[in-house]
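Thanks for coming. Please have a look at the sequence and the model on the screen, and then I will go through it.

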There are 2 protein chains.
Amino acid sequence: MNPYPPLKALVAFDAAMRTGSFSLAAAELFVTPGAVGQQIQKLEEWLGVALFVRQVRQVQPTEDALGYWKRIQPALAQIADASHRLRDRRNSAVVLSMPPGFATKWFASRMASLLRQHPEIELHLNATPQVIDLERESIDLAIRYFDGQAPELDVTLLLQDESRVYANPRYLAPLDLREPDDVARATLLVTTLQPHWPTWLERYSRLSAARIAAIPRIHFDQSLMAIEAARQGQGLILTSPHLVEAELAEGSLVEAFAHALALTQGYYLVHHGKLPLRPAVATVKQWLIDEAGNSVHVPLGPPS
Amino acid sequence: MNPYPPLKALVAFDAAMRTGSFSLAAAELFVTPGAVGQQIQKLEEWLGVALFVRQVRQVQPTEDALGYWKRIQPALAQIADASHRLRDRRNSAVVLSMPPGFATKWFASRMASLLRQHPEIELHLNATPQVIDLERESIDLAIRYFDGQAPELDVTLLLQDESRVYANPRYLAPLDLREPDDVARATLLVTTLQPHWPTWLERYSRLSAARIAAIPRIHFDQSLMAIEAARQGQGLILTSPHLVEAELAEGSLVEAFAHALALTQGYYLVHHGKLPLRPAVATVKQWLIDEAGNSVHVPLGPPS
DNA sequence: TTCATGGCGTAGAAAATCTATTGCATGGCG
DNA sequence: CGCCATGCAATAGATTTTCTACGCCATGAA
């Protein structure tokens with residue numbers, strides 16, 4: 001009925017075969033020799049086969065034992081190995097999920113510093129636009145762009161988001177934008193998922209709905225592509241300063257207006273709230289919080 | 001330190017993965033669902049990895065669980081298979097050891113009947129002249145040619161041995177042997193291991209030592225070869241009637257004298273005396289005893 | 001000869017495993 | 001729309017398994 005022998009006994013058997021002695025096997029397993037003897041006796045009973053010939057002061061494996069050992073030894077090794085890997089990986093590995101735009105524009109440049117500070121951590125980055133099931137996919141930490149409302153999860157605000165207007169300075173120069181109304185002369189680069197242009201225009205400009213509707217637009221379904229278009233001087237982009245840090249630093253984008261649009265959304269760090277985090281995961285979490293804290297917005301002001 | 005996860009838990013895990021449900025797994029293992037849940041929880045703790053996402057009324061394996069299962073499943077199957085084989089073989093198989101001469105001359109002709117009567121038995125015949133270690137070589141039953149003195153072993157007399165004189169009738173005819181003294185005119189086929197000719201001659205003939213020493217002899221170190229030589233009319237053989245049954249039946253050998261030499265040796269059935277015999281072994285033992293009981297000596301008398 | 005070694009056997013202690021039960025959330029069914 | 005059946009979690013207590021402690025024995029070395 002039950003296809004498995006007493007598995008604990010197999011471990012004792014393996015140790016006894018390797019060491020050639022119940023006593024040595026017992027020492028290896030941190031038990032008394034008697035325990036090993038009993039385990040092997042139980043295995044012999046279950047199999048209906050003598051595995052060792054007991055002689056005085058020593059045991060000798062039978063033919064059957066040798067053959068059996070040859071078969072089960074690799075199986076045990078396989079189990080030990082697979083278990084070790086999983087266990088080990090989970091001790092040092094951290095699986096981190098975030099949206100691709102954030103990964104590229106904010107995280108990528110900082111990742112090197114994380115790995116330098118914590119070389120023992122094996123980082124698995126999962127950059128996907130979908131919101132994925134943390135548990136199902138064994139995600140340790142995720143950065144999500146949302147409003148922070150998620151009971152059941154442990155949620156920490158990393159970066160409160162805001163929207164600012166950026167453009168390539170060579171694109172801006174001829175336009176000579178001085179106040180929000182002037183955007184009517186520009187092209188708007190619109191990201192489908194963060195359609196904040198209407199809000200911005202309503203708040204800061206005095207343009208009529210008709211004139212707003214007449215402004216040329218190019219639509220993108222990913223922030224990444226919109227940012228790239230802006231960098232190449234295709235128009236004005238209204239996006240998060242966190243996503244254009246590199247472009248601001250290299251000067252390929254500059255802020256066109258000082259008018260920021262506050263948003264309820266932000267980049268939040270989330271993880272399951274039940275179990276305590278493994279040390280490696282806690283390390284990464286803290287590092288992310290620290291990095292985000294240092295990543296303060298330095299407004300560049302309008303082009304000089 | 002310990003490379004193995006709780007192995008019992010692996011069995012539960014495997015069942016749960018296969019069935020996709022703790023309850024079904026529990027039914028398969030003949031335990032309560034709670035037991036399965038606890039085992040899996042223990043495994044998850046040991047690995048430091050969640051294996052199932054508990055949802056309402058169902059569980060779903062994580063990615064880690066799938067990967068882990070893929071690795072340990074073959075290992076478990078290997079253990080089950082190796083154990084099953086050993087166990088199964090030992091249930092139906094019987095390893096029987098005997099001297100090669102006895103195997104060929106007495107056992108071979110009867111073996112078919114044994115297998116016919118007990119088709120469920122898988123018989124392993126080990127015909128070797130050496131006396132081998134029953135336990136070390138996992139021999140269930142052995143037939144040994146000796147005097148039956150073996151404490152520690154369970155010993156049953158199968159056939160008390162005796163030595164009788166046989167020859168090919170065409171070899172005998174011209175010699176016209178009428179009484180033991182007449183063997184001086186013949187050639188003696190001598191088996192090194194059973195050197196009973198001197199005893200026979202001393203007991204039944206009145207020949208002097210010098211005349212006995214003058215009789216031509218051919219020496220063989222195996223009974224088999226001496227018997228074959230006798231069959232081909234090379235001389236007189238002094239051997240056990242049990243070994244020449246077939247030749248007597250076909251008439252290629254006949255008994256030359258009615259004088260039998262009783263021996264202290266015989267064919268004994270031996271096995272370790274500690275454990276009770278497995279049913280298959282007991283069956284073969286009884287069959288051997290019965291066969292030996294029926295195998296009565298039918299003296300053919302001198303050639304007519 | 002004596003001693004140390006390494007196995008066996010047994011009884012009882014310790015640990016593990018299982019059962020029994022309750023509670024909960026939910027999906028199917030009337 | 002309410003009710004019931006399902007499947008898992010959590011706990012405590014019972015049961016089974018496993019380990020230790022200890023004495024015994026045979027042997028080979030000092």
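First, conventions. This is a predicted model, in which local features need pLDDT of at least 70 and side-chain atom pairs count only at pLDDT 80 or more, while totals for chains, interfaces and linings use all residues. Residues are numbered from 1 along each chain as its sequence is written, chains are lettered from A and ligands numbered from 1 in the order in which they are written, and side-chain values use heavy atoms, with hydrogens and water left out.

Chain A is divided into domain 1 (7-90), domain 2 (92-160 + 265-294) and domain 3 (162-261); such bounds come from an automatic or database domain assignment. Between the C-alpha centres of domain 1 and domain 3 of chain A there are 71 Å.

Now helix α1 of chain B, residues 7-19. Helices here are DSSP runs (H or I, at least four residues) and strands are E runs of at least two, numbered from the N terminus. Of the 13 residues of α1(B), 10 are buried, so the rest of the structure largely encloses it. Buried means under 20% relative accessible area, exposed over 50%, and partly exposed in between, with a 1.4 Å probe and protein chains only. Among the buried ones are B:Leu10, B:Phe13 and B:Met17. Just after α1(B), B:Gly20 has a positive phi of about 75°.

On to the DNA. The largest share of the surface near DNA strand C, 5 residues, comes from α3(B).

Last, the rings. Over all chains, the search finds 22 aromatic pairs: rings of Phe, Tyr and Trp (its six-membered ring) with centres within 6.5 Å, stacked under 30 degrees, edge-to-face over 60 and tilted for the rest. A:Phe102 and A:Trp106 are stacked, at 4.9 Å and 20°. Both sit in helix α5 (residues 100-117) of chain A, 4 residues apart. A:Trp106 is buried, at 0% relative accessible area. A:Phe146 and A:Tyr268 are 5.3 Å apart at 75°, so that pair is edge-to-face.

How values were computed. The expected span of a helix is 1.5 Å times one less than its number of residues.
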